[in-house]
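Subject: Handover of a structure and the findings

Dear colleague,

Please find below the structure that I am handing over to you. My findings follow directly after it.

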Amino acid sequence: MTATAAADIDASPPRPRRPRQPVRDGQFWLALISAGWVGLLVVLFLFRDVIAVDPSAVDALKRLAWPLSAGHWLGTDALGRDVFARIVYGTPYSLAFGLVPTAIATVIGGGLGLLAGYGGRFANILIMRFMDIFYAFPPILIALAIISALGSGFLNCIVALIIVLVPPITRVTESATARIAGLPFIEAAELAGADGSRIAAVQILPNVLPPVLAYVTSIIGIMIIYGAGLSFLGLGVATPTPEWGLMLNELRTAMFINPIVAALPGAFIFVTSLAFSTLGVALERRWSHVGR
Amino acid sequence: MIALEARSISKRFVTRRAGSPWARSYVEALKAVSVTIAEGETFGIVGESGSGKSTLARIMIGATPASAGDLRLFGEGFDRRARAHRRRMTEAVQMVLQDSTTTLNPLLSLTDAVAFGPWARGTDRQGARRAAEAALDRVGLPPAQFGRRRPSEISGGQRQRVNLARAIVLNPKVLFLDEPVSALDKTVQAQILNLLNELRRDLGLTMVLISHDLDVISYLCGRTAVMRGGEIVEEGPTAELIASPRHEYTRSLIDALPHLGPSPASPAAPAGGVALAEAPLLEVNDLKVSFRQGAAVTAAVRGISLSLKPREVLAVVGESGSGKSVTLRALLGLLPPTAAVAGSIAVRGKGANAGDTAALAAFRGRIAGMVFQDPFASLDPMAPIGRQLEDVIMAQRGVGRRRAREVALSLLDRVHLAAAVERYEAMSYELSGGQRQRVGIALALAGEPAVLLADEPTTALDVSVQARILELLRRLCDEGGIGLVLVTHDLAVAREMADRVAVMYAGRIVEEGDANVVLDAPVHPYSKALLQSYLGVRHGIVPLPALGGAPPRLDEEQRGCAFADRCVVAIERCRSLPPPSIVTRGRRCECVFA
Amino acid sequence: MYVILRIAAAVPTLLGVTLFAFLLIHMAPGDPLATLTQGYASQEVLAHLRSFYGFDLPLPVQYLHWLGHVVVGDLGESFSSGRSVAPELVSALNESLKILALAVPITVIAGWWLGDLAAWRANKPLGRGLTVVLGSFVSVPSYWLGLVLVALFGVILNWLPVMGMGPTTTWAGWLTLKGLGYLVLPVAALVIAPIGILARSTKTAIETVIESDFPEALRARGMPPRYIRARVARNALPGLFSIYGLQISYMFSGLVLVEAIFAWPGLGTYLTLAITARDIPSIQAGILLSAVVFVLLNLTADLLQGSLDRRTRR
């Protein structure tokens, strides 16, 4: 290093790196509560044998009991089955509806989006036009169509939801990829002679992940609602499986007698979905600070 | 040995005409251009935007295919469809892109960013890191200090160094540089140009420099080609080109460069005092602006005072971070609510507390009009320009639309917008940069203000257009009795336009006075350094006296002189006590040594 | 010119839609005729039926036959009821429209108004609170909300009718106050989630424009706040058309569920029943109709965007 270069050293201190003071504002606490709720659900499920009775135990004498009545924290349904137990046993279905299709569709859609965004014009046209066909349908229509082809059932619902999610995730990934691919540092990497897959893996993918993951986490809550909705319509799990959407349907007619119990499963759907959405917003806020 | 040779390169881009998918029109970006670059030389390509220089560069490095013509690399033909050829090219030739906030991957540390190239080429991780660290060291960023930083934590000049490191770590023989210093402050430009010089010498590089700035090209390049409209209009040894240009376009480029010599246009200051016959149009007293963000308080403007007389042009000169733009916005109360403003502002005698946005709102447009830096962004994209003008005129003058239209047309005439009637219904994106800026100026004049506040009005424009806009502003001042506060980072612009100059640094005016006095013989060490970073059109590789370091952080308390850390003549007192304000011979300076 | 292009681009999508609707059934496992015959038919009858319905022909031929019928308006006969599909479908659509005619305008107006409000007061308590509330709207399951509203206003408070259509069986009845009473709950259940989504998108779009450079320039020129608000809105508008169009189409999802709750004999109920019964012609027709409406809606949104923002026409 010559003398001149030494004198040239930009001896300035690091530019303000926002001190990682986690912002503890209202949104943070909401996110914490949301995480707590989900954790609670999981814990309750794990200990279901200990804390809940048999969800299929029919008790003709104690039908549509009110919450907090003897031995039934959340009351009983039209067949006398304990609602609390059914809710606890039904947790995995709703969580699965939220997480499983999302995770699988992210892998599929993310991969396709990356390919479409950086893999050349042919790949782009092929993939995106194909996805456009799906955009011609409202999501529920696609789900209904898949169900009508495959038949109803929990697994088929999951498949339907995956198919519903892949086009939007592909689109979001493709647009993020295309945007990143147009930035100068990608051009610089290409000029260095690096080959496409390396650039995609090391330079593009990490930059595409934040917006995609932000989108994906916001979807989880919606999928919970959709999945339960399909069950509500009778297209998902079959009776007597304790699934929240199905329970809502079963308890519908009971509304005139015991509106609180009738609305309970839906309340759980709402709150759980809200919890995931809140978590999603908080995560998105945190991730959008990366790489600023 | 010929390093790179381009023979009869043509490039056409297909564009679709709006509204008709069948009619295709072509843009001839390059028309049978031939260039020969000898090994070891430094070649310059100068031209304005649209001249095709960047396209030519990209074709020559094999990044873009040419429509016709061929390329030879070290004597052998180059076909970019052949992988082996592409590899030869990337091994021999590298390009450094123009600096921007996205020239580096925001998620990678600097070392990783530089190491990516060698790693992608097959070097193992360890070896790549070591090569990267050596390269960072070479460009003046010791890896111990900088290696782990992210791009968001370094300045523009440092970023450009990283760009350089990323290129040289691959050991190229030829280095292309696309506008290497255009986005940087003048003082930083000097640093980078010195570095380029060194690298060229130490690494034996063949360099090709592409720039719109003839000053930069003339500093480094032995031979230069001037491009316009896809063709090379003149080519030859740089010194000759500049001393006796043959083509008239070359001549116009040289003339359009703002010079730093004594300008014939600005009137020489009369010796001794000037009879203050006219009352000041604008008076600013002890303006202070600070921004609060959470717990941190950044003092952007730390107590400045200005005054402006009718027909006077005051240039406020400073680099990025000096607080000059904030000052302008404070005058009209345009700062966000997070800003704390103190001081007083008076226009035509009407005073107001600087923190009183409501009172300042009355100034907007009516008493002071603002001209913005980016002519595109300051116009409404969704309304025809005529209508935008009418709306402002109606709001400011309280007239009906018919009358407003007449006024609008006369304003467009006043700013010399050619074919104003035809352009009246045009949208902003249908106009050129210079035309948009003229519209911007017309909009600023709509309220018949006494003062014009111009924030870097020509920075975003081509060189040839800059001169005309500046001319227009000057004429508007003289004819309309308007005063102009011109904020700029470019000393040459100040020289061209200003009657008085105020030099800002870190929120304070460190030197101010008559333009001739301040610009010919600056006294403050910062002003001196600034002046010295100006190249002027000259040729010869002489190390530029560069100002090391960077401006201070403004969110920390400044006890002494803000410039002390970078000052060559600073003494102990400078760091502990604020500098005194000393007035000598038509100029005020804040330095112990004035 | 732009108009013709966009319409032309929609045609392949429409064709793709018909293809999808058609193929759907044939991708399904199981015998398409099962519903029709309920397992009571002999092999001969089955063979006869198969050739009658053309199930033994190659797929592309079947598709063209079907397409030919569709274009003329013949959508076949329902396997479940035996009646002609087309009139049933149209009447179902009619019923759905009674809800949508109220729900769509409310969604659009409320979505815009709330989004605009939240954007301009983003840093003040009103804006922040609004953003949170709107965010939670998105998570509300429409079917649950419907039930809760029914429980609250129908059962507990007894202010509004709980089920059925009341006077709204006719469009004349739709205009009456009593008819409105029957519409309030289904519409309310339907619009909450879309309003949340649209308001959020509107807020983001308007915020983006607020942060661009020209609003500051307008302020500097002394333009009044009302003018600036209007120009910002005008600039944000074109980009929002596609999402408004999309969300209106997505309301179909909510519609299916809301109809289920309120026993409203609209398109959603029609489709659900058809799927449960595996009534193939009805399913095909229902999906086709919904998708076509969807495509047309998006096309309209695109065209409107093009007319408002000349730049997208390139």
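In chain B, six strands form an open sheet in the order E6-E7-E8-E3-E9-E10, with mixed pairing. Strands here are DSSP runs of E with at least two residues, helices are runs of H or I with at least four, and both are numbered from the N terminus. Two strands pair if DSSP finds at least two bridges between them. This is a predicted model, in which local features need pLDDT of at least 70, side-chain atom pairs count only at pLDDT 80 or more, and totals for chains, interfaces and linings use all residues. Residues are numbered from 1 along each chain as its sequence is written, while chains are lettered from A and ligands numbered from 1 in the order in which they are written.

The edges of the sheet are strand E6 (93-96) and strand E10 (231-237) of chain B; each has a single partner strand, so one side of each lacks a neighbour in the sheet. From one strand to the next, the twist averages 15°. Angles run from 0 to 180 degrees between N-to-C directions, and axes are lines fitted to C-alpha atoms, for helices over the stretch in contact. Helix H10 (residues 248-256) of chain B packs on this sheet, where it touches strand E9 (223-228) and E10 of chain B, and its direction makes about 100° with that of E9(B). Contact means that the C-beta atoms of two residues, placed from the backbone, lie within 7 Å.

Within the sheet, strand E7 (residues 174-178) and strand E8 (residues 206-211) of chain B run parallel and are joined by 5 bridges. Asp178(B) stands opposite Ile210(B) in E8(B).

Strand E3 (residues 42-46) of chain B also runs parallel to E8(B), again with 5 bridges; Thr42(B) has Met207(B) in E8(B) as its bridge partner. Gly44(B) lies opposite Thr224(B) in E9(B).

How many of the residues of E3(B) are buried? The number is 5 of 5. A residue is buried if 20 or more other C-beta atoms lie within 10 Å of its own, exposed if 12 or fewer, and partly exposed in between, with C-beta atoms placed from the backbone. Thr42(B), Gly44(B) and Val46(B) are buried on one side of E3(B), and Phe43(B) and Ile45(B) on the other.

Helix H16 (residues 433-445) of chain B is likewise mostly covered, with 11 of its 13 residues buried. Among them are Arg436(B), Gly440(B) and Leu445(B). The elements covering these buried residues include helix H13 (385-397), helix H14 (401-414) and strand E17 (451-455) of chain B. From first C-alpha to last, H16(B) reaches 19 Å, close to the 18 Å expected at 1.5 Å a residue, where the expected span is 1.5 Å times one less than the number of residues.

Chain A contains 11 helices and 0 strands. Of its 292 residues, 47% count as buried. Among the contacts in chain A with a separation of 6 or more, 67% are between residues 24 or more positions apart.

Chain A also touches chain C, in a contact that takes 36 residues from chain A and 39 residues from chain C. On the side of chain C, H7(C) gives the largest share, 8 residues. That side divides into 29 nonpolar, 10 polar and no charged residues. Nonpolar covers Ala, Val, Leu, Ile, Met, Phe, Trp, Tyr, Cys and Pro; charged covers Asp, Glu, Lys and Arg; the others, Gly among them, count as polar.

Yours sincerely
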